[in-house]
Amino acid sequence: MSDGPEWFAPKRYGYGSGLPISWQGWAVTIAFVAAAIGLSARFAERPLQLFAIMTPLIIAFCLVCARTTKGGWRWRWGNED
């Protein structure tokens with residue numbers, strides 16, 4: 001399904017990505033978590049601004065995960081692919 005890079009493993013059950021399977025996946029995940037923690041600390045007193053900044057970051061992270069998941073995002077019932 002996906003001809004691009006494979007940075008994340010698919011979930012065994014459900015829809016979405018599992019854990020990273022390459023260093024690029026780990027780097028993206030660690031960078032996202034660091035940005036989320038840093039922005040949460042910086043904008044702790046301004047939740048609306050935090051929401052406005054985090055929403056595009058979350059969407060971008062989800063898009064990267066979806067595009068780089070082995071086999072793409074689809075519903076899985078636990079069967080081996």
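**Exercise 1. Determine which residues make the nonpolar surface patch of about 440 Å², and describe the setting of Tyr-15.**

*Solution.* 
Step 1. Tyr-15, Trp-75 and Trp-77 together make this nonpolar surface patch of about 440 Å². Patches are made of residues with over 30% relative accessible area and no salt bridge, where like charges are joined within 9 Å and nonpolar side chains (Val, Leu, Ile, Met, Phe, Trp, Tyr) within 5 Å. A salt bridge is a side-chain nitrogen of Lys or Arg within 4 Å of a carboxyl oxygen of Asp or Glu. Accessible areas come from the Shrake-Rupley method with a 1.4 Å probe, and for residues only the protein chains shown count as cover.

Step 2. The model is predicted: local features need pLDDT of at least 70 and side-chain atom pairs count only at pLDDT 80 or more, while totals for chains, interfaces and linings use all residues. Residues are numbered from 1 along each chain as its sequence is written, and side-chain values use heavy atoms, with hydrogens and water left out.

Step 3. Tyr-15 is placed in the loop between β2 (13-14) and β3 (17-20). Helices (H or I, at least four residues) and strands (E, at least two) are DSSP runs, numbered from the N terminus.

Step 4. With 46% relative accessibility, Tyr-15 is classed as partly exposed. The classes are buried (under 20% relative accessible area), exposed (over 50%) and partly exposed (in between), with a 1.4 Å probe and protein chains only.

Step 5. Tyr-15 and Asn-79 are 64 residues apart along the chain, and their C-alpha atoms are separated by 13 Å.

**Exercise 2. Classify the geometry of the pair formed by Tyr-15 and Trp-73.**

*Solution.* 
Step 1. The ring centres of Tyr-15 and Trp-73 are 5.6 Å apart and the planes stand at 70°, so the pair is edge-to-face.

Step 2. Distant parts of the chain are linked by this pair: Tyr-15 is in the loop between β2 and β3, and Trp-73 is in the loop between α2 and β4 (76-77), 58 residues apart.

Step 3. Trp-73 has a relative accessible area of 26% and is partly exposed.

**Exercise 3. Identify the aromatic cluster that contains Phe-32, and the ring that Arg-42 lies over.**

*Solution.* 
Step 1. One aromatic cluster is formed by Phe-8, Phe-32 and Phe-61.

Step 2. Arg-42 is placed over the face of Phe-43, 5.3 Å from the ring centre. The criterion for a charge over a ring is that NZ of Lys or CZ of Arg is within 6 Å of the ring centre and within 35 degrees of the ring normal.

**Exercise 4. Describe the fold and the overall dimensions of the protein chain.**

*Solution.* 
Step 1. The protein chain has two helices and four strands, in the order β-β-β-α-α-β from the N terminus on.

Step 2. The radius of gyration is 15 Å, whereas a compact globule of 81 residues would have one near 12 Å. This radius is taken over C-alpha atoms, and the globule rule is 2.2 Å times the number of residues to the power 0.38.

Step 3. Along the principal axes, the C-alpha atoms fill a box of roughly 45 × 25 × 20 Å. Of the 81 residues, 25% count as buried.

**Exercise 5. Characterise Pro-20 and Trp-26 by element and accessibility.**

*Solution.* 
Step 1. Pro-20 lies in strand β3 and, at 10% relative accessibility, is buried.

Step 2. Trp-26 is in helix α1 (residues 23-42) and, at 42% relative accessibility, is partly exposed.

Terms used:
Rings of Phe, Tyr and Trp (its six-membered ring) pair if their centres lie within 6.5 Å; planes under 30 degrees apart count as stacked, over 60 as edge-to-face and the rest as tilted.
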